[in-house]
Amino acid sequence: RRQRQMCIRDRYYRKHGEYPRKVSYTFWAGEFIETEGATLAQALYMLGVAPVRDGMNRVTDLRLIPSAELGRPRIDVVVQTSGQLRDVAASRLELLTKAVKMVAQSKNDTCGNYVSEGTVESERILLEKGFSPKEARELSTVRVFGGAGYGTGITGLVEKGDAWEMESEIAARYLANMGMMYSDGKAWGKYGKEVFEAALHDADVVVHCLLYTSPSPRDYAASR
C-alpha cells in the first residue's frame, strides 16, 4: 500500500520537481473491500498519519508520523466517496477526518505541512463566500464528500452530447450533486457545495482507482 502511494508521489516529484500539495481521491466500496482499504491507507500516509492497532490487529486510533521519519511534507487530501462506501465504511471516513484534524494542528513539521496550509486557505475561501468565522473554521477541515444517494448524477449528461456545450457545465453539475459532507457528527450528511469547492481548490493530483479493468486494482492519476 505504501508502494502505491510512493508511486503517485514520486511520479509527481519527477515531473514537477516538488511534492504535490493536495491529492484528490475517489473511494469505491468494491476497491475498499478487495484491497482491504489500500486507498484509505494511501490517503492516511499522504497525510503523514499511521494507524494504531490493538492486540487483535484492529485499528483503534491514529498517530502522527514524526516529520523527521516521514522525510517529506504532509500532503493534503480530499475524498469523493461512493454511496456504497459511505454506507459500509462510515467509521473509516470519520477516521480520515480525525487524521486531517490531527495534522492540521500539528506543529514544528520540519519538512512542511500542506494540510495546515490547505486548512487556512479553505477557511479564507469560506469567509469570502459569506460563512461566519466560526462556520469557516469548523468546516475548513472537512475533506470527505459524496452524493445524497448513489452515483454522481452526471452520466446521462455526459452521454447526451447535446445537453451541454462546455465542460464547465458538467463540472458544475458534479459539484452540485457531490456536495454532501461526510466528515464527522457535526457535518455528516449536510449539504456543503461551497465547502467542497474550497476543499478541492488547487488540487494537484486526481487519483481514481479502477477495480474491474484488470485482475488487481490499478491507480490512475492525473496531475496538472
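Before moving on, two notes on what you see. This is a predicted model, in which local features need pLDDT of at least 70 and side-chain atom pairs count only at pLDDT 80 or more, while totals for chains, interfaces and linings use all residues. Residues are numbered from 1 along each chain as its sequence is written, and side-chain values use heavy atoms, with hydrogens and water left out.

Stop 1: The side chains of R124 and E128 form a salt bridge at 2.6 Å, N to O (a side-chain nitrogen of Lys or Arg within 4 Å of a carboxyl oxygen of Asp or Glu). R124 is partly exposed at 36% relative accessibility, whereas E128 is exposed at 61%; buried means under 20% relative accessible area, exposed over 50%, and partly exposed in between, using a 1.4 Å probe and protein chains only.

**Stop 2: a link across the chain.** Now pick D184 and K101, whose side chains meet in a salt bridge of 2.5 Å, N to O. This pair connects distant parts of the chain, 83 residues apart: D184 sits in the loop between β6 (180-182) and β7 (188-191), and K101 in helix α6 (residues 90-104). D184 is buried at 18%, while K101 is partly exposed at 31%. The whole structure holds 14 salt bridges.

**Stop 3: strand β4.** Select residues 76-81: 6 of the 6 are buried, so β4 is largely enclosed by the rest of the structure. In a regular strand, side chains alternate between the two faces of the sheet. Here D76, V78 and Q80 lie on one side and V77, V79 and T81 on the other, with both faces covered. Strand β1 (residues 22-27) pairs with β4 in the parallel sense over 6 bridges, and β5 (residues 144-146) pairs with β4, also parallel, over 3 bridges; pairing requires at least two DSSP bridges between the strands. Click on T81 to find F27 opposite and G146 as its bridge partner in β5.

Methods:
Helix = DSSP H or I, 4+ residues; strand = E, 2+ residues; numbered from the N terminus.
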